[in-house]
Amino acid sequence: MWLYLYAILFIIAIFAIYALQNRQYKKTEYYEQTKNPYMSVLFDKGRLGEFYTYKYLKPLDGYRRYLFNLYIPKENGETTELDVVLLHESGIYVLESKNYSGWIFGTESQKYWTQTLPVGRGRSQKNKFFNPVLQNKGHLKWLKTFLADQTLPFYSYIVFSDRCTLKNIRLNSEEHHVVNRYNLLSVIRQNIAKTGSQLSVEKIDRLFEILYPLTQMDEAVKMAHIKNIQQKTQDNFSKPVPAVMVMPKAEEPICPRCGEKLVMRTVRKGERQGKQFRGCSGFPKCRYTEELTAES
């Protein structure tokens with residue numbers, strides 16, 4: 001009897017918490033602009049990442065306005081989608097949300113970055129995804145083209161979730177910033193302290209009026225955008241490798257477990273004596289090894 005009563009009270013408490021959070025959510029600028037139901041945000045990784053990016057920036061000082069899911073037209077008739085744009089006194093922040101987990105590896109120039117996830121028993125699974133720095137470069141390009149104002153200050157931020165570790169991210173310039181969400185407010189505050197106020201309240205409101213209609217695209221435009229992205233992804237991963245090609249200089253191999261360098265080693269004993277393999281330079285703390293293939 002008591003267990004049954006406790007179960008009922010627990011369910012009531014869950015519904016009460018959800019109702020409270022839902023009411024608070026409906027007061028946010030994110031809901032006001034996107035009209036995404038709270039339940040759909042909770043169970044959609046992309047939307048949840050955008051919402052949390054906005055939520056983490058709520059304590060930011062200064063006059064500001066937000067834009068979400070901004071569909072900017074490109075010259076070929078397609079669109080590019082910007083997750084979150086922050087219009088602030090210090091400038092225009094283009095925020096690409098990556099609500100990923102695991103370890104993240106990549107450089108500014110690589111076409112694809114790597115996400116490494118543990119799958120148990122010391123093994124890991126690697127997933128490739130398009131370089132978000134290059135992705136945001138495209139966003140900035142078309143946003144600048146659309147606004148056609150060379151005096152505007154723009155900033156690029158790629159925001160990963162707090163569940164992931166930015167293990168080996170190499171950037172060649174200071175044009176882009178790659179951060180976890182828990183660092184986002186801090187790094188933007190640092191940028192504000194460095195740049196100062198550059199946009200007036202009137203200018204921010206005017207930019208918002210120009211860009212806001214691009215957040216209210218109908219479903220046909222959104223579906224066309226998604227279909228185009230899916231087609232490009234499929235084409236990129238299905239391209240045949242040319243029979244003869246000049247290979248670029250290989251990136252230094254990195255251990256997917258700990259981020260240290262992988263080095264060449266030679267088997268000293270046993271049936272495989274004399275054969276080479278790659279091993280983690282962090283040995284013996286990390287015992288990760290890789291067999292050499294024809295491509296290696």
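Student: In which strand does Cys164 lie?
Tutor: This is a predicted model: local features need pLDDT of at least 70, side-chain atom pairs count only at pLDDT 80 or more, and totals for chains, interfaces and linings use all residues. Residues are numbered from 1 along each chain as its sequence is written, and side-chain values use heavy atoms, without hydrogens and water. Helices (H or I, at least four residues) and strands (E, at least two) are DSSP runs, numbered from the N terminus. Residues 164-170 form the strand that holds Cys164, strand E8.

Student: Is Cys164 buried or exposed?
Tutor: Buried means under 20% relative accessible area, exposed over 50%, and partly exposed in between (1.4 Å probe, protein chains only). Cys164 has 4% relative accessibility, so Cys164 counts as buried.

Student: How many Å apart are Cys164 and Ser101, C-alpha to C-alpha?
Tutor: In sequence, 63 residues separate them. Contact means heavy atoms within 4.5 Å. Not counting residues up to four places away in sequence, Cys164 touches Tyr100, Ser101, Gly102, Ile104 and Asn180. From C-alpha to C-alpha, Cys164 and Ser101 are apart by 4.2 Å.

Student: Which residues have the most contacts inside the largest nonpolar core?
Tutor: A nonpolar core is a set of buried Ala, Val, Leu, Ile, Met, Phe, Trp, Tyr and Cys residues joined through side-chain atoms within 4.5 Å. The largest has 23 residues. Elements that give two or more residues to this core include H2 (29-34), E1 (64-73) and H6 (181-195). Those with the most contacts inside it are Leu57, Leu95, Tyr157, Leu184 and Ile188.

Student: Which residues does Leu57 contact, leaving aside its neighbours within four places in sequence?
Tutor: Leu57 is one of the residues with the most contacts inside the largest core. Beyond those neighbours, Leu57 is in contact with Arg64, Tyr66, Leu86, Leu95, Leu184, Leu185 and Ile188.

Student: Why are the buried residues of H6 on the same side?
Tutor: The buried ones are Arg181, Leu184, Leu185, Ile188 and Asn191. Directions from the helix axis to the C-beta atoms define the arc. These residues are on the same side of H6 because they cover an arc of only 130°.

Student: Which residues are exposed on the other side of H6?
Tutor: The buried residues of H6 are covered by elements including H4, E3, E7 and strand E9 (176-180). The other side has exposed residues: Gln190, Ala193 and Lys194.

Student: How many Å apart are the end C-alpha atoms of H6?
Tutor: The expected span of a helix is 1.5 Å times one less than its number of residues. H6 has 15 residues, so H6 should span 21 Å. The end C-alpha atoms agree with this, being apart by 21 Å.

Student: In E2, what is the bridge partner of Phe68?
Tutor: Two strands pair if DSSP finds at least two bridges between them. E1 and E2 pair in the antiparallel sense over 9 bridges. In E2, the bridge partner of Phe68 is Val84.

Student: Which residue takes a positive phi in the hairpin of E1 and E2?
Tutor: The hairpin has 5 residues between the strands. A positive phi near 90° is taken there by Gly77.

Student: What is the relative accessible area of Ala148?
Tutor: Ala148 sits in the loop between helix H5 (132-147) and E7. Its phi is positive, about 50°, although Ala148 is not a glycine. Ala148 is exposed, because its relative accessible area is 60%.
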